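Here is a short report on the model shown below. It takes confidence first, then the sheets and helices, then the contact between the chains.

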Amino acid sequence: MKIAVVVQRYGQAVNGGAELHARYVAEHLARHGQVEVLTTCATDYVTWRNELLAGVEQVNGVAVRRFKVKHERDPLVFGKRSDRVFEQLHSLGDELDWLDAEGPTSPALVDYINTHASDYDYFLFFSYRYYHAYYGARAAGARAILVPTAERDETIGLSIFQPLFRSVRAIMYNSPEERALIQAVSGNETVPGVVVGVGSDVPNNPQAGRFRQKYNIRGPFAVYVGRIDQNKGCKELFEFFQGYLRDPSGKLSLILIGNTLLPIPEHKRIRHLGFLDDTDKFDAMAAAEALIMPSYYESLSMVALEAWALGRPVLANGKCDVLKGQCLRSNAGLFYETLGEFIGTLEAIEQNRWLAGSLGRNGRQYFRDNYDWPVIERKYLEMFERLKKDGTPPAADPLPGWFDRRRQDLPAAQDVLAKLPKGPVWRRG
Amino acid sequence: MPDFNVRSDSVNVEQIMEQIRVRIREKRGVDYTEQQIRELAAVKLEKFLDPRGVRSDLLDQFRKAQPPYEPPELPNFAFEDATLFESHRAPIRWMRKLLMPLLKLLFNPNPLIQALHIQSRLNAINAERDAKRESARRAMDQLYYELVHNLVVETTRTGIEVKNLKMRVESISSRLEFNERRARALESAVVYKAADQDETPAQRPAPQVPQPRQQQAPQPRYTPPQQPPSYPAPSQAAPAAPAAVATPVAPQGQPTQGAVPGQVPGAPGEGPGQRSRRRRRRRGRRGGGSAAAVMGAAGSGASEAPADGQESIDAVDQMDAMDRMDDDGSPESEETHDAAVERVEEASIAEAEVRQAESAAEGSRVEQAEPPRVEAPSEPRPVEAPPEPAPAEAPRETPHEPSQEPPHVAAPPAEPAPAPTAAPDHGDHDPK
């Protein structure tokens with residue numbers, strides 16, 4: 001069995017969520033078959049500049065074939081086109097222009113898939129929103145399997161992706177919420193799909209004391225791991241945590257791990273350690289009282305899964321359906337939407353040792369049952385087997401014609417998004 | 001588990017979250033989510049307005065001035081790729097279709113079709129956008145109206161509150177002034193007694209105070225030329241009382257002569273009936289003309305009475321001054337007045353205690369920071385005269401006994417100049 005993993009960026013230094021997800025999956029599937037990664041020469045997701053050499057190289061024992069990006073992203077053009085398709089009545093042509101402006105535009109990659117599709121059994125396309133997935137899935141035809149990593153943002157409301165969700169051979173969802181979202185927007189219930197997610201290589205014996213000693217950290221603390229960005233909810237996190245600090249009963253500090261795009265509030269109980277390697281990251285999680293996930297948009301929070309794997313409770317943003325659903329399904333985390341809830345839940349975790357311990361134990365069990373690597377690998381392999389037995393691939397929608405591309409009758413993506421169902425999917429899950 | 005209870009062994013996050021929310025509601029009140037706040041903000045203006053709070057027809061007028069918006073029907077056309085060649089006559093349509101290749105040979109109609117098609121779409125989009133803008137503008141007008149209305153209401157409420165506060169400030173300042181004057185009068189009475197006991201009766205010069213009192217008090221009485229020297233009216237039977245009232249004055253002074261040295265006249269040496277007699281005397285004065293009688297008695301007896309007798313008269317005048325200040329005719333004020341008198345008397349009894357109290361009085365005076373007390377030593381007597389007229393007395397006496405108002409007004413200035421530094425402070429000068 002030969003599998004192609006197609007992703008926008010790839011490499012050990014690439015730390016984006018979907019990219020890391022793709023790398024983990026590629027490396028673990030490589031134990032069960034031949035895996036080749038098809039990707040671009042870009043490492044920066046903002047510019048898509050060609051920074052790596054085109055050609056084939058090995059990364060952790062997996063062959064990686066890189067293709068040039070035709071042009072870098074122009075932020076001004078991309079911004080204008082985003083405004084157009086997200087907020088106004090527009091045409092299919094506008095959406096295709098937006099996709100081209102978003103990048104990474106790599107016709108060479110699509111051409112390769114088109115000409116070598118028969119060389120692979122399946123193509124795993126990661127991240128539905130990018131150029132490579134839209135055009136590559138069409139080129140791969142019945143061999144295309146999509147790992148959408150969809151979030152509840154405006155992009156899901158664009159019309160060009162609805163045929164994509166209906167025409168791929170199968171979809172590997174990250175969460176029940178993601179599946180509900182995609183099925184609601186595209187009506188692809190007939191397409192085979194399974195909620196898989198991703199595992200994580202969590203060390204068996206993280207050293208909390210080592211972390212405290214190395215970074216001179218004393219006292220209890222909550223940890224945030226990830227890019228410190230407004231889009232990740234960090235601004236709200238800072239506001240809420242400063243509100244928590246005003247409460248004299250709270251003793252927790254906040255430790256921030258990751259590169260920052262925001263100014264960090266100056267307070268003796270808020271510390272930013274910058275980007276840490278995996279060892280320190282897991283040590284920090286093991287030392288923390290809880291992990292805070294303030295993000296509004298997540299298709300699957302790998303950091304939350306890692307915290308659960310280490311037996312630590314998670315405090316998540318309840319405005320994110322996926323995180324809220326994960327907390328409810330696992331019984332391993334609390335969530336907040338307001339300042340009062342943030343303080344109340346954080347104090348509950350801090351002051352109630354039994355509760356924190358129970359949440360952590362539930363999280364560890366939830367991780368083992370659903371996100372341990374043998375479980376993930378088994379789900380992928382079962383899907384391949386299933387597709388091998390089902391010989392009827394769905395018919396792909398034809399590309400729109402000249403008039404269809406120019407008919408200004410598509411609603412704004414944000415209006416489409418507003419009509420989609422909300423809330424966690426946990427009773428059914 | 002300090003904050004909430006989880007009764008089952010297995011954790012139920014939904015249950016825990018509900019308990020946390022309940023606790024937050026109990027502790028901090030309703031905690032609105034952003035969604036709830038947006039819903040509240042989206043409520044229409046009329047739901048916000050409390051009809052009881054709106055006292056004008058501004059809202060109706062505003063609605064009349066702003067009829068519901070209906071977007072105008074702007075002209076537009078539909079233009080598709082076959083529009084140019086359409087016709088209701090079938091042969092013509094057939095001919096046009098037949099000749100289409102020839103037409104396309106001569107020129108390319110597609111750009112024209114495209115342009116007109118796009119223009120049609122643009123017209124529709126623009127019309128829709130204009131309608132949206134107009135409706136948004138009108139919604140903003142509603143919001144502005146609401147803001148202005150709320151501002152007007154709040155400004156009115158604030159104005160009323162400011163007015164109320166001003167009145168309260170005036171009331172408090174007048175009460176403060178009144179209390180200051182009362183305290184000053186009480187202190188001056190005590191100071192006088194203390195200073196008096198330091199001096200021997202022989203050394204003490206005859207007070208000059210009665211003279212101005214004699215000059216001031218009779219003046220209003222005799223200034224009107226038409227006023228008879230005597231008071232024949234039946235309501236002026238009270239002036240006959242001076243004789244009766246004046247007589248206790250002399251006995252009041254007499255015991256002081258025979259009193260133990262150090263005893264203040266009119267205090268412990270006097271009999272139990274003297275206090276009630278003095279009260280009766282004051283009541284008689286209030287009843288009419290008694291002050292004049294007292295003044296007359298004091299004036300007439302000034303040359304005859306010994307210094308102690310004069311002091312006792314002055315003490316009575318002090319008390320009268322206090323009486324005028326706080327007497328509103330009610331039994332309570334009478335009692336409080338008596339209590340004040342008793343305190344004054346007690347204060348002036350114990351000479352040794354007075355000396356000890358001097359130092360305390362100095363301290364308390366500094367603490368109280370009363371300007372008149374600080375200025376008293378250097379100020380001549382006329383400085384104390386202006387605050388003496390009791391404002392509460394004037395309306396009570398003016399309508400009934402105009403002829404007796406001057407003695408009441410003039411009596412306090414007739415007080416002898418006290419020795420200001422010897423004022424014992426018992427810390428409770430206020431009889432109330």
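**Confidence**

This is a predicted model. Chain B averages a pLDDT of 59, and 33% of its residues score at least 70. Within chain B, helix H5 (residues 90-106) has the highest confidence, at a mean of 90. Helix H17 (residues 405-410) of chain B has the lowest, at 38. Two stretches of chain B deserve a note. Over residues 286-316 of chain B the pLDDT is below 50, yet this stretch has 90 contacts in the model beyond near neighbours in sequence. Residues 363-432 of chain B also have a pLDDT below 50, with 116 contacts in the model beyond near neighbours in sequence. Where pLDDT is low, the predicted coordinates should not be read in detail. The model scores ipTM 0.80 and pTM 0.53.

**The eight-stranded sheet of chain A**

Eight strands of chain A form an open sheet with mixed pairing. Their order is S3-S4-S2-S1-S5-S6-S7-S8. Strand S3 (55-59) and strand S8 (193-195) of chain A stand at the edges. Each has a single partner strand, so one side of each is left without a neighbour in the sheet. Neighbouring strands of this sheet are turned by 25° against each other on average, direction ignored.

Strand S1 (residues 2-6) and strand S2 (residues 34-40) of chain A run parallel and are joined by five bridges. Across this pair, Ile3(A) stands opposite Val35(A) in S2(A). Helix H4 (residues 107-116) of chain A packs on the sheet and touches S2, strand S4 (62-67) and strand S5 (122-126) of chain A. Helix H15 (residues 373-389) of chain A lies across S5, strand S7 (170-173) and S8 of chain A.

**The six-stranded sheet of chain A**

Six strands of chain A form an open sheet with parallel pairing, in the order S11-S10-S9-S12-S13-S14. Strand S11 (270-274) and strand S14 (333-336) of chain A are the edge strands, each pairing on one side only. The twist averages 25° from one strand to the next. Strand S10 (residues 253-257) of chain A pairs with S11(A) in the parallel sense over four bridges. The bridge partner of Ile255(A) in S11(A) is Arg271(A). Helix H12 (residues 321-330) of chain A lies across strand S12 (290-293), strand S13 (314-317) and S14 of chain A.

| H4(A) | S2(A) | about 150° |

**A helix pair in chain A**

Helix H8 (residues 208-215) and helix H10 (residues 278-287) of chain A pack at about 105°, with their axes 7 Å apart. H8(A) and H10(A) are therefore roughly perpendicular to each other. From H8(A), Ala208(A), Arg210(A), Phe211(A) and Arg212(A) take part. They meet Asp280(A), Asp283(A), Ala284(A), Ala286(A) and Ala287(A) in H10(A). By class, the contact of H8(A) with H10(A) has five nonpolar, no polar and four charged residues.

**Where the chains meet**

How many residues does the contact take from each chain? It takes 20 residues from chain B and 22 residues from chain A. Helix H1 (13-28) and helix H6 (110-198) of chain B each supply at least two residues of the side that touches chain A. H1(B) gives the most to this side, with nine residues. The residues of the side of chain B that touches chain A divide into 11 nonpolar, two polar and seven charged.

Technical notes:
Residues are numbered from 1 along each chain as its sequence is written. Chains are lettered from A and ligands numbered from 1 in the order in which they are written. This is a predicted model: local features need pLDDT of at least 70, side-chain atom pairs count only at pLDDT 80 or more; totals for chains, interfaces and linings use all residues. pLDDT is the predictor's confidence in each residue, from 0 to 100. Two residues are in contact if their C-beta atoms, placed from the backbone, lie within 7 Å. Two strands pair if DSSP finds at least two bridges between them. Axes are lines fitted to C-alpha atoms, for helices over the stretch in contact, and angles run from 0 to 180 degrees between N-to-C directions. Angles under 35 degrees count as roughly parallel, over 145 as roughly antiparallel, 65 to 115 as roughly perpendicular and the rest as oblique. Ala, Val, Leu, Ile, Met, Phe, Trp, Tyr, Cys and Pro count as nonpolar, Asp, Glu, Lys and Arg as charged, and the others, Gly among them, as polar.
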